[in-house]
Amino acid sequence: MNHLLLPRLATRAFSTTTKQMKNKVPDHQNLFQADNCLPVHIKGGTTDVLLYRLTMTNTLAGTGYSLFWILCACQPKGN
């Protein structure tokens, strides 16, 4: 009996009207094209700044970790 209900729920979940959806592209264009001397990767606000800093921290930590193990691999083994 559940197999009869699933298609009806799927069509209801994906049927939206144009009145329910607002076009946000012009708002985002104005935000990212504003001349406020900020790089584009942090113009989105606090969330973008936090994501940028998290990404840079992970990148630097991963690079340091990789260099550490390359250095360890280059050292001769002691008996």
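Me: Is Cys74 buried or exposed?

Reply: This is a predicted model: local features need pLDDT of at least 70, side-chain atom pairs count only at pLDDT 80 or more, and totals for chains, interfaces and linings use all residues. Residues are numbered from 1 along each chain as its sequence is written; side-chain values use heavy atoms, without hydrogens or water. Buried means under 20% relative accessible area, exposed over 50%, partly exposed in between (1.4 Å probe, protein chains only). At 59%, Cys74 is exposed.

Me: How far from Cys72 is the nearest cysteine sulfur?

Reply: A disulfide needs two cysteine sulfur atoms within 2.5 Å. The count is zero. Cys72 is in none: the nearest cysteine sulfur belongs to Cys74, at 9.2 Å.

Me: Lys43 is buried yet has no salt bridge; which side chain of opposite charge is nearest?

Reply: A salt bridge puts a side-chain nitrogen of Lys or Arg within 4 Å of a carboxyl oxygen of Asp or Glu. Lys and Arg count as positive, Asp and Glu as negative; His and chain ends are not counted. The Lys43 side chain reaches the backbone oxygen of Phe32 at 3.0 Å. At 6.2 Å, the nearest opposite charge is on Asp35.

Me: Which residues form one aromatic cluster?

Reply: Phe, Tyr and Trp (six-membered) rings pair with centres within 6.5 Å; planes under 30 degrees apart are stacked, over 60 edge-to-face, the rest tilted. There are two pairs: Tyr65 and Trp69 are edge-to-face, at 6.2 Å and 80 degrees. Tyr65 is exposed at 56%; Phe68 and Trp69 are also edge-to-face, at 5.1 Å and 75 degrees. The cluster is Tyr65, Phe68 and Trp69.

Terms used:
Polar contact = N/O pair within 3.5 Å; in protein donor to acceptor, adjacent residues only side chain to side chain.
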